[in-house]
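I open this notebook to record what I looked up, entry by entry. The entries follow the order in which I took up each topic.

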Amino acid sequence: MAFEKVADLEQVPVGSAYQVEVGGEPLSLVRLDEVTVKAVHDVCSHEEWSLSEGWVEDNTIECDLHGSVFDLDTGQPEGLPAVKPIPVYACEVRDTEIWVDPEKQLNDAPVPRHL
Ligand code: FES
């Protein structure tokens, strides 16, 4: 697979996160400024919860269920209760569109599975 268009830039206001489904997985598109969008897996590594419901600040997203904050480059949690990273994916802004390559994971975090 390669990069695919997953959303229009206008669907993701600056400072917010937006859930999309790519390759059968829920991803969270996180818009940091006018031209910067990061893509991470949308499921928190702590419990089954959508990270796109959380808060965006300084290249992080905070899970709104228990408050773990994840770095959007490394996927690492900066505080408990989460202890595992979340997957980070290649993401580009092309003109007014957001493109993601779901097979190009930028860290080695396992895909969150909560059974
Ligand atoms: S579900 Fe995200 S920190 Fe608990």
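Entry one, the pairing of two strands. In this predicted model, I looked up strand 2 and strand 3 and found that they pair in the antiparallel sense over 6 bridges. Across that pairing, I noted valine 20 opposite leucine 27 of strand 3. I then turned to the link between the two strands: they form a hairpin with 2 residues between them. In the turn, glycine 23 has a positive phi of about 60 degrees.

I asked which residues touch the most other members of the largest nonpolar core. Of its 14 residues, these are Val6, Val20, Leu29, Ile98 and Val100. Two or more residues each come from strand 1 (4-8), strand 2 (17-22), strand 3 (25-31), strand 4 (37-41), strand 8 (88-94) and strand 9 (97-105).

I located serine 45 in the loop between strand 4 and strand 5 (55-57). Is serine 45 buried or exposed? I count serine 45 as buried because its relative accessible area is 11%, and the cut-off for buried is under 20%. Its side chain reaches the backbone oxygen of lysine 84 at 2.6 Å. Leaving aside neighbours within four places in sequence, I found serine 45 in contact with Phe70, Ala82, Lys84, Pro85, Ile86, Pro112 and His114.

Methods: Residues are numbered from 1 along each chain as its sequence is written. This is a predicted model: local features need pLDDT of at least 70, side-chain atom pairs count only at pLDDT 80 or more; totals for chains, interfaces and linings use all residues. Side-chain values use heavy atoms; hydrogens and water are left out. A nonpolar core is a set of buried Ala, Val, Leu, Ile, Met, Phe, Trp, Tyr and Cys residues joined through side-chain atoms within 4.5 Å. Buried means under 20% relative accessible area, exposed over 50%, partly exposed in between (1.4 Å probe, protein chains only). Helices (H or I, at least four residues) and strands (E, at least two) are DSSP runs, numbered from the N terminus. A polar contact is a pair of N or O atoms within 3.5 Å; within protein, one must be able to donate a hydrogen and the other to accept it, and residues adjacent in sequence count only if both atoms are side-chain atoms. Contact means heavy atoms within 4.5 Å. Two strands pair if DSSP finds at least two bridges between them.
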